[in-house]
Amino acid sequence: MADRKEWEPKIVAFCCNWCSYGGADTAGMGRFQQPASVRVVRVMCSGRIDPLHVFNAFLEGADAVLVTGCHLGDCHYVNGNYKTEVRYQFLEELMIEMGLEPERLHLSWISASEGEKFASFVNKVTTEVKKLGPSPLKPEGVN
Amino acid sequence: MNVNVGDKLLGYATDPGIRNRGASGGLVTAVLAAALERELVEDVIVLKHINEYEAVPIITDDVDEVLASTGSMHTVPVNLAKHATGKKVAMPGKPCDVRGVIEQAKRNEIDIENTYIIGLNCGGTMHPVLTKEMLINMYELDPEDVVGEKIDKGKLFFKTQDGEEKGISIDDLEEAGYGRRESCRYCDVKIPVNADIACGNWGVVGELAGKATFCEVMNEKGVRLLENAIESGYIQVEQAGEKEIAIREKVNSAMLGLVDKWTEKIFTDIPLQERMKYYMEQFADCIDCGACKEACPACTCKEESKCTMYHNLADDYKMSMYHMVRLLHLSDSCVGCGQCSDVCPVDIPVTTIFRRFADPAQKKHNYKAGMTLERPPFLEVMLK
Amino acid sequence: MDQEEIIKDTKDADEPRIGVFICECGVNIGGVVNCQDVADYAGTLPNVVSSAVNKYACSDSGQSEIKKAIEENDLNRILVAACTPKTHEPIFRACVEEAGINPYLFEFVNIREHCSWIHMKEQEKATKKAQDLVRMGVFRSAQLDPLQSNEVPVTDKALVIGAGVAGMQTALDIADMGYKVYLVEKNPSIGGKMAQLDKTFPTNDCSICILGPKMVEVARNKNIELMTYSEIDEVDGYVGNFNVKVRHKARHVDLGTCTGCGLCVDKCPVEVPNVEFNEGIGTRKAIYVPFPQAVPLRAVVDRSVCIDCGACVKACNSKSIDLDQEDSISEIEVGVIVVTAGFDVYDPEPTNDYGYGLYDNVITGMELERLINASGPTMGKLVRPSDVKTPKRVGFIQCVGSRDKKSNRYCSSFCCMYALKDAQLIKEKYPDSEVYIMYMDLRTPFRNYEEFYDRARDMGIKFIRGKPGSVTEKDNGDMVVRVEDTLTTEVIDLDLDLLVLSVGAVSSESNERIRQILKVSRAADGFMMEAHPKLKPVDTTLDGIFIGGVSQGPKDIPYSVSQGSACAARATRYLSQGKAITEGITVDVNDDLCVRCGMCITMCPFQALSLEDDKVNVIKALCKGCGTCSVACPTSALEQSHFKNDQLLAQVRNVFTFEE
């Protein structure tokens with residue numbers, strides 16, 4: 001199969017219902033073409049993105065994880081994303097100290113109108129991760 | 001005498017018996033006894049002496065038992081934080097004990113308003129088992145013969161029943177893998193400024209040397225503790241002079257200087273590409289006993305919690321979910337007490353691994369677990 | 001119904017029997033993704049009983065097929081892979097509910113926006129990704145629990161905070177619909193900013209002449225309980241059940257017996273600048289009646305300047321004055337809250353914009369309103385502050401404190417119009433005067449506004465498109481404004497007798513205070529944030545709390561009044577239904593796992609969590625279901641329904657497959 005020749009990374013994107021999920025929708029509506037690497041997991045608020053689930057994604061085989069939400073100040077739940085931001089800083093430091101390449105974990109604020117931003121974000125991360133190859137935490141035989 | 005927050009005092013027990021038996025003038029023992037006797041507290045937590053290497057924490061409301069308790073030991077077994085739950089209590093504690101108590105208080109396990117904490121200066125403690133081994137290998141003494149210990153001019157002395165005294169430089173001991181726990185070597189809280197009163201013999205010189213305790217009053221609870229002991233006639237205090245204060249600070253700085261040295265030595269940089277392999281190897285021997293969680297003073301969970309519930313050996317992950325969840329938790333909450341390393345049956349240097357994560361993370365957020373009641377940064381994000 | 005009953009009520013007690021439907025959405029999905037392949041693949045997954053392709057799943061026939069499949073295969077969970085849940089989830093939830101399945105046992109997978117539309121040239125990869133997405137959804141679906149929205153009773157009373165024109169409108173509308181309204185105003189009289197204005201654009205009718213009757217109407221309305229000189233101290237509770245503590249500031253005058261005769265005012269020896277109503281122009285006494293048309297028309301004592309001489313007490317025939325009165329608190333229970341707390345006029349003094357605060361003859365638009373008002377301190381005679389002479393040359397500078405990165409970026413929306421109005425009034429009163437308006441853009445939308453601008457031009461008012469560079473004062477008090485006319489690129493030094501700064505609106509301190517008490521979000525401009533800029537312009541993200549007028553952002557009188565009515569309509573929905581439906585997705589506490597560490601409590605921006613009797617308590621009516629608290633929980637005792645840890649874990653695990 002032609003598609004198989006090139007390795008396609010698997011990227012888990014946690015999106016909040018109100019902004020970044022809408023951003024991914026808007027990317028689709030604008031037909032901004034993206035590599036087929038991302039699997040979106042919807043939560044109500046980026047504040048719900050438990051590092052536990054980020055760990056789970058990596059340990060199960062994710063080559064990168066995207067934590068996304070509303071722009072600061074735009075949170076549907078007042079300030080969930082501020083909490084996300086602080087928690088993410090600890091998470092990011094942990095993953096880097098552990099030896100994960102920084103390119104594999106990202107935090108981004110994407111509004112429901114920023115379809116193009118979502119698409120270029122996916123493009124950028126996918127290109128970077130392709131260069132790196134599979135994640136060192138990916139179990140053998142999994143993709 | 002009026003006691004105020006911020007006072008730096010020299011004090012000792014008035015009763016000659018307590019004064020001579022307790023270390024450094026028996027101030028701590030006397031303050032605890034007074035707190036119990038005058039019902040400032042209902043119980044006191046003390047270490048009950050078993051032998052030179054072992055002591056067990058007990059909770060007692062018996063003044064005599066407090067008076068009979070052990071003074072400061074260099075081979076202290078456990079972190080006291082998890083024993084302080086419940087009623088109105090007073091307890092002595094090393095800086096890490098106090099940090100543990102504060103972490104427990106943040107999580108509602110301890111009512112800090114009703115917990116009186118007498119902090120004890122600490123340059124480090126030794127593991128009982130390793131100490132016995134050290135006595136045999138380095139001192140060529142029979143551990144059973146040892147009746148006393150002291151630290152003087154950088155040397156650790158042991159005294160035997162027949163009066164023999166033998167000292168070896170602590171540096172030499174630690175080079176040989178003995179001496180203080182690894183976590184103590186890089187611990188940077190030597191004076192327990194997070195306690196209600198911070199006590200120790202640093203700064204006690206001249207006539208009073210060995211016969212009094214230097215005591216700094218850290219907060220209102222500290223004021224109550226001391227005033228209670230003074231009013232009941234248990235202790236006598238005087239203001240410390242500039243000289244004493246300077247010397248105490250000098251000892252502290254010297255200790256912290258050593259901390260820098262050890263920190264550099266222990267926390268060697270691991271290149272980014274090798275870290276994952278390094279940690280995988282470190283945790284490879286883990287037998288999932290859960291002892292490190294059980295001992296952890298920053299954890300108030302019961303058996304089932306996020307770190308255990310979503311951890312399944314059958315997953316065969318490259319890194320354990322248990323350790324990842326705990327690493328994140330401890331990156332903002334670790335107090336560096338060393339208990340997890342102590343209890344690990346397969347000798348994983350758990351504390352040192354946690355500190356690799358916690359140290360930079362807490363520094364970056366200008367947050368130090370166990371020092372104040374301020375909670376981990378993401379919990380303190382308030383309404384914008 | 002408790003959780004157990006729900007489970008019995010739906011077919012959930014059984015093993016999951018999932019029906020999967022892959023929507024082709026015409027060629028939108030079907031043109032890229034091989035939907036049959038995906039459906040076949042779904043059929044191989046555990047718990048999937050039936051799987052099929054729909055041409056258009058959301059159409060009538062598509063929905064009938066789903067219902068039919070539920071019936072035929074005794075399905076108890078449905079997964080539809082189609083477009084985005086943001087638009088279509090409610091449709092399918094309703095569809096499965098009609099077929100007897102709890103709506104929360106419906107799982108939506110997006111294979112259009114997130115797949116076919118973004119991988120249009122990679123059909124094979126898109127099909128494979130669609131299979132992944134469906135697999136993730138199937139495993140999540142098997143973990144879902146039925147949920148029930150909660151119903152809470154609603155106290156049939158409303159609180160309106162702020163009795164400016166917007167708040168008065170809200171209060172009157174709610175009252176006219178038959179519900180009791182508490183109208184709380186921090187000032188001693190209702191009326192707000194509009195009461196201070198001279199005329200109103202674009203009709204130039206007298207402001208107080210149209211507002212006055214409305215104020216009286218408010219006072220007379222039997223359903224409105226007016227609480228003037230009062231502020232909100234605390235608000236507890238949630239939609240339908242708010243407990244509010246109102247502080248009645250000591251007025252020192254008995255509202256019941258005072259007749260507003262003014263004898264006390266005459267006797268009072270203390271005179272201070274009238275900051276409250278006349279922008280500091282002219283004076284008032286320590287005891288004063290706010291303004292001639294005040295409602296209630298009662299005196300108030302300003303104890304901060306009172307010298308305790310007791311002259312007023314002696315003068316009062318009705319013995320209404322009590323200088324020892326203290327603040328009192330009353331507690332009220334209401335079902336809904338409307339905030340119409342208004343704004344402050346931008347203050348150019350701290351930054352000395354265009355010499356304001358340095359030069360006597362630079363004044364603000366609001367000060368001009370009082371100067372030209374027939375009942376103002378000068379009885380409507382326009383004079384300039386330095387020498388009390390009537391100015392012959394008057395200039396307006398627009399956008400002061402608005403559209404400026406140094407102060408406020410937003411447009412205050414009404415300054416163009418009030419400058420046009422004031423310029424016309426000056427020109428009408430003093431036809432030989434020269435009036436200039438210096439502007440960046442003139443904004444005149446809405447009926448008769450542009451015509452109003454034309455009229456100003458026709459009257460000979462001169463417009464200079466440019467933002468002045470400097471303002472200097474001459475020895476005689478005249479102002480020299482240097483401005484480039486950007487239409488002619490000519491730099492002009494304009495000699496003026498009086499310079500008026502068309503200042504905009506800023507969120508007031510009291511608006512901010514109320515915002516913080518109620519926990520309403522704050523927009524970037526400092527005003528209160530609406531729930532949705534288009535579809536929910538007067539709602540907040542908090543159920544039962546509404547915002548109108550300038551509390552929400554700068555707007556003119558007609559817009560404020562419309563919003564006042566809109567708030568009344570939105571708020572009265574709750575009052576008339578007598579109940580409120582709260583979010584089905586909330587958090588639950590598992591007491592067996594909870595260690596009462598309290599880490600979750602402060603995570604909630606809605607105060608839905610509390611530690612009571614050594615238990616974590618969730619007030620479902622307050623919970624918005626964001627799930628943020630569940631992350632802080634160290635034991636998973638706190639779980640967000642519909643996004644439980646196991647549900648998310650199952651979904652994420654199934655992103656991946658074991659491959660050779």
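This is a predicted model: local features need pLDDT of at least 70, side-chain atom pairs count only at pLDDT 80 or more; totals for chains, interfaces and linings use all residues.
Local features need pLDDT of at least 70 and side-chain atom pairs count only at pLDDT 80 or more, while totals for chains, interfaces and linings use all residues; side-chain values use heavy atoms, with hydrogens and water left out. Residues are numbered from 1 along each chain as its sequence is written, and chains are lettered from A and ligands numbered from 1 in the order in which they are written.

Chain C has 19 helices and 34 strands (DSSP runs, numbered from the N terminus: helices are H or I with at least four residues, strands E with at least two). Along the principal axes, its C-alpha atoms fill a box of roughly 95 × 65 × 40 Å. Of the 660 residues of chain C, 57% count as buried, that is, under 20% relative accessible area, where over 50% is exposed and in between is partly exposed (1.4 Å probe, protein chains only).

The contact between the two chains takes 49 residues from chain C and 52 residues from chain A, with contact meaning heavy atoms within 4.5 Å. The size of an interface is often given as the accessible area lost when the parts come together. Here chain C and chain A bury about 4600 Å² between them, and 57% of that is on carbon and sulfur atoms (area lost on being put together, 1.4 Å probe, summed over both parts).

Across this interface the rule finds 5 salt bridges (a side-chain nitrogen of Lys or Arg within 4 Å of a carboxyl oxygen of Asp or Glu). One salt bridge joins the side chains of Arg653(C) and Glu60(A), at 3.1 Å from N to O. Several elements of chain C give two or more residues to the side that touches chain A, among them helix H7 (123-143) and helix H19 (645-653). H7(C) gives the most, with 7 residues.

The backbone has some features to look at separately. Most residues other than glycine have a negative phi, and most peptide bonds are trans. The peptide bond from Phe201(C) to Pro202(C) is cis, with omega near -5°, and Pro202(C) is in the loop between strand S8 (199-200) and strand S9 (205-206) of chain C. The bond from Val295(C) to Pro296(C) is also cis, with omega near -5°.

Met379(C) is not a glycine, yet has a positive phi of about 55°. Met379(C) lies in the loop between helix H13 (365-372) and strand S21 (393-400) of chain C, and counts as exposed at 64% relative accessibility.

Notes
Buried area is the accessible area (1.4 Å probe) that two parts lose on being put together, summed over both.
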